[in-house]
Amino acid sequence: MLDIHQIMPAGQHNIHVRQYLALKNNTKHNPEHLITLEGLGPIQAALEAGLELSCLFVCPERLRGGDGMALIELAITRKIHLYQVSEKVLGSMVDWEGPDGLAAMVRLRRYDLSHLQPRQKGTLLILDGLQIPGNIGTVIRSADGAGAHGIIITQSRQRLTHPKLVRASMGSLFALPIVESDVETAYAWLKRYGYQVVTTSPRARVSFRQARYSTRTAIVMGNEREGVSEDWFARHDLSVSIPMHGRADSLNVGNAAVLMLYEVLHQQQG
């Protein structure tokens with residue numbers, strides 16, 4: 001039977017603990033495309049999505065239940081870096097006060113346009129120049145919930161591995177192919193497969209509810225302050241607005257994306 005107290009101990013100065021903290025604080029270059037996860041649930045979700053577990057940290061005093069032990073045994077079987085840490089060290093690594101005593105580094109997949117599979121009816125979401133990590137994560141979660149089959153990021157201003165983005169996506173980051181591309185290459189791919197390119201703008205004369213969307217639609221959501229770039233406006237097939245009836249002149253990009261995604265879904269299913 002596994003004795004977790006025989007697992008190699010690690011303190012604050014351990015190279016992998018330091019790497020975890022650097023990733024969590026987003027303070028260093030991240031060529032390995034690693035993310036940090038806290039707790040059994042997110043780690044299991046990543047593994048179920050086929051992501052690679054790079055390193056697992058266990059706090060024996062907080063470990064509860066058989067699922068945590070099964071995860072440790074998996075790490076041993078796969079010869080993954082495995083360390084036991086004290087409650088003090090774990091407390092410096094995680095924000096979540098849950099009882100399961102687990103934290104991990106996981107490698108995100110890298111996708112390109114060839115991984116996107118056009119469907120007879122389907123929606124892609126284009127994120128153009130978004131920069132607030134929590135917004136990006138929320139939009140990714142919304143796209144997953146509305147059944148979008150992929151996301152293309154153009155004019156990227158934020159790492160997909162940013163911990164706030166990972167947390168806000170609530171696991172949807174693992175579920176969708178997310179491709180980073182330049183506008184010209186992304187547009188050429190969309191046109192090759194017959195997508196209608198739809199931008200959003202408060203200046204557009206057509207309401208998002210009045211517009212008619214194609215069976216293949218690509219929705220372009222723009223930067224939080226500047227909106228959709230001219231690069232996409234010069235190429236769109238249709239531009240729509242979301243009517244505003246109060247003092248605010250626009251919605252948060254996450255809220256706007258939800259309205260657009262579900263309106264397109266409604267029409268495609270109708």
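**Entry 1**

I started with Glu38 and looked up its bridge partner in β4, which is Ala103. The model is a predicted one. β1 and strand β4 (residues 102-107) are joined by 5 bridges and run antiparallel.

I then traced the whole sheet. It is open, has 4 strands, and its order is β1-β4-β2-β3. I noted the pairing as mixed. β1 (34-38) and β3 are the edge strands, and each pairs on one side only.

Which helix touches β1, β2, β3 and β4? I found helix α1 (residues 15-24), which packs on this sheet. Its direction makes about 95° with that of β1. I looked up α3 as well: α3 lies across β2, β3 and β4. Against β2, α3 runs at about 125°.

**Entry 2: α2 against α3**

I stayed with α3 and turned to its contact with α2. Helix α2 covers residues 40-48 and helix α3 covers residues 65-77. Their axes are 11 Å apart, and the packing angle is about 45°. That angle makes α2 oblique to α3. I recorded the crossing of α2 past α3 as left-handed.

Which residues of α2 meet α3? I listed Leu40, Ile43, Gln44 and Leu47. On the α3 side I listed Asp67, Gly68, Leu71 and Leu74. Sorted by class, this contact has 5 nonpolar, 2 polar and 1 charged residues.

**Entry 3: aromatic pairs**

I searched the whole structure for aromatic pairs and got 5. I followed up the pair of Phe57 and Tyr83, which is stacked.

**Entry 4: the seven-stranded sheet**

I moved on to the other sheet. It is open too, with 7 strands in the order β7-β6-β5-β10-β8-β11-β9. The pairing is parallel. At the edges I found β7 (178-181) and β9 (206-207). Each has a single partner strand, so one side of each is left without a neighbour in the sheet.

I looked at one pairing inside it. Strand β5 (residues 122-128) and strand β10 (residues 216-222) run parallel, joined by 7 bridges. Leu125 has Ile219 as its bridge partner in β10.

Next I checked what packs on this sheet. Helix α9 (residues 253-269) does, touching β5, β8 (196-200), β10 and β11 (238-241). The direction of α9 makes about 170° with that of β10.

**Entry 5: α5 against α9**

I kept α9 and looked up its contact with helix α5 (residues 133-145). The two axes come within 9 Å and cross at roughly 15°. I therefore put α5 and α9 down as roughly parallel to each other. How does α5 pass α9, in a left-handed or right-handed crossing? I noted a right-handed crossing.

I wrote down the contact residues. α5 contributes Asn135, Val139, Ser142, Ala143 and Gly145. α9 contributes Val253, Gly254, Ala257, Val258, Leu261 and Tyr262. By class, I recorded 7 nonpolar and 4 polar residues, with no charged residues.

Notes
Residues are numbered from 1 along each chain as its sequence is written. This is a predicted model: local features need pLDDT of at least 70, side-chain atom pairs count only at pLDDT 80 or more; totals for chains, interfaces and linings use all residues. Side-chain values use heavy atoms; hydrogens and water are left out. Axes are lines fitted to C-alpha atoms, for helices over the stretch in contact, and angles run from 0 to 180 degrees between N-to-C directions. Helices (H or I, at least four residues) and strands (E, at least two) are DSSP runs, numbered from the N terminus. Angles under 35 degrees count as roughly parallel, over 145 as roughly antiparallel, 65 to 115 as roughly perpendicular and the rest as oblique. A crossing is left-handed if the near helix is turned anticlockwise from the far one by less than a right angle, and right-handed if clockwise. Contact means heavy atoms within 4.5 Å. Ala, Val, Leu, Ile, Met, Phe, Trp, Tyr, Cys and Pro count as nonpolar, Asp, Glu, Lys and Arg as charged, and the others, Gly among them, as polar. Two strands pair if DSSP finds at least two bridges between them. Rings of Phe, Tyr and Trp (its six-membered ring) pair if their centres lie within 6.5 Å; planes under 30 degrees apart count as stacked, over 60 as edge-to-face and the rest as tilted.
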